[in-house]
Amino acid sequence: MFQQLMDDHDFLAFTLANIDKPLKSQAFTLSNQTTVTILDNGVISFSPASGSTKDVVLSCAIHGNETAPIEICNKLISDLLTCKIETLHRVLFIIGNPDSILTQTRFVEENMNRLFSGAHSDGEGLINKERVRAKALEQYVSDFFNDNDNSQRIHYDLHTAIKPSKHEKFAIYPYRPGRAFSAKQIMFLAGCDVDTILFHHEPTTTFSYFSSEQFKADAFTVELGKVMPFGENDMHKFANTHKMLAALITQIEPELAVFDSNKLNLYKVSRSINKHFDDFAFSFSKTTENFTGFEQGQTLAIENNQQIKVIEPYEAIVFPNENVPVGQRTVLCLVPAPNEDIQ
Ligand SMILES: [Zn+2]
């Protein structure tokens, strides 16, 4: 089974070919003494022979149709397997939801990025594959971080967005009460061409919040552009992201620009608007880009004959989706964030 992976170095193909086949954890050593461990379908770690000062989790395909991050991770994995590059740090790659890669959909039964921090077991419990998978992924991340107490913990959960966006690449910085935001991390992301940061305002059930909260990791949900099918991504658009992620694992410290808020777009989440009634409908068009701004008093949505209006002098919207179950988030509202605690 593993011979195929060592012959063609294509972990994505290996993962998709082995969906639903029981996979026992297996480790082997590369010629440069890096230990490779395949923990599960779509889950592979690399450990250098000598000490690691960073433990890095790179996840993709938490939404299966978001192909560019999968291609970026698969290339890094391939280059590691062929020893074209050599990691200095422990790295765990996760292809989140292989089933939904095959169906070319965001998810099969349930949005996996609403299932972390234990949400997989809420309500009806582990009733579908996505819930089972989210629970398993939490365990792999926990084991990975807990294996090494003295390292900096980093997790970039890589996505692409459904909607076009005024800022093509952006990252969500999970809520981290009592911890300053990291200027270094923000400049690392800027090096990836991710020049827009959203500071989140409350706990969520995303994968990045799980790592941030549970393991005090520097963790982000990173949105790298618009969803495209496999083969239709313009990989030039991701060249800097790929380069920086490679630098992150192959260098002790990648070179970063000095923090300069003038070169960044910093927003904080002012509120998330949840759906309370089935007739919830946005007042803006379906083609409205992420980060489009609205003035105070403008109507954002209507449900149950009630208007939901802009409260702040200016609010920008991101991730609008009215087709969610009642109780879930339809949109995040943002305001400029010039005064966050960034160190
Ligand atoms: Zn996504």
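I began with the UniProt record: its unreviewed entry places the annotation "domain: Succinylglutamate desuccinylase/Aspartoacylase catalytic" on residues 53-248. I am working from a predicted model. Over residues 53-248 I read 34% helix and 20% strand. The end C-alpha atoms of that stretch lie 11 Å apart.

**Strand β5**

I looked up burial in β5 next. Six of its six residues are buried, so β5 is largely enclosed by the rest of the structure. I then sorted the residues by face. R90, L92 and I94 sit on one side, and V91, F93 and I95 on the other. Both faces are covered.

I checked the partners of β5. Strand β3 (residues 43-47) is joined to β5 by four bridges and runs antiparallel to it. There, S45 has L92 as its bridge partner. With β4 the pairing is parallel, over six bridges. I found D55 opposite R90 in β5. From β4 the chain passes through α3 to reach β5, and this β-α-β crossover is right-handed.

**Helix α8**

I tested the length of α8 (residues 239-250). Its 12 residues, at 1.5 Å a residue, should span 16 Å; the end C-alpha atoms are 16 Å apart, so the two agree. I listed the buried residues of α8: T241, M244, L245, A246, A247, L248 and I249. What do they pack against? I noted β4 (54-60), α3 (67-81), β5 (90-95), β6 (152-161), α6 (183-191) and β9 (218-226).

**Residue E110**

I located E110 in the loop between α4 (98-102) and α5 (129-146). Is E110 buried or exposed? E110 has 19% relative accessibility, and the cut-off for buried is under 20%, so E110 counts as buried. I also looked for side-chain partners. Leaving out residues up to four places away in sequence, E110 touches L115, N128, E130 and R131.

**The three-stranded sheet**

Last, I traced an open sheet of three strands, in the order β11-β13-β14, with antiparallel pairing. β11 (281-282) and β14 (306-309) are the edge strands, each pairing on one side only. Strand β13 (residues 299-303) pairs with β14 over four bridges, in the antiparallel sense. I marked A301 as standing opposite I308 in β14.

Definitions and conventions. Residues are numbered from 1 along each chain as its sequence is written. This is a predicted model: local features need pLDDT of at least 70, side-chain atom pairs count only at pLDDT 80 or more; totals for chains, interfaces and linings use all residues. Side-chain values use heavy atoms; hydrogens and water are left out. Helices (H or I, at least four residues) and strands (E, at least two) are DSSP runs, numbered from the N terminus. The expected span of a helix is 1.5 Å times one less than its number of residues. Buried means under 20% relative accessible area, exposed over 50%, partly exposed in between (1.4 Å probe, protein chains only). Contact means heavy atoms within 4.5 Å. UniProt positions are given in the numbering used here, feature names are shortened, and annotations may be inferred rather than shown by experiment. Two strands pair if DSSP finds at least two bridges between them. A crossover is right-handed if, with the strands pointing away from the viewer, the path from the first strand over the helix to the second runs clockwise.
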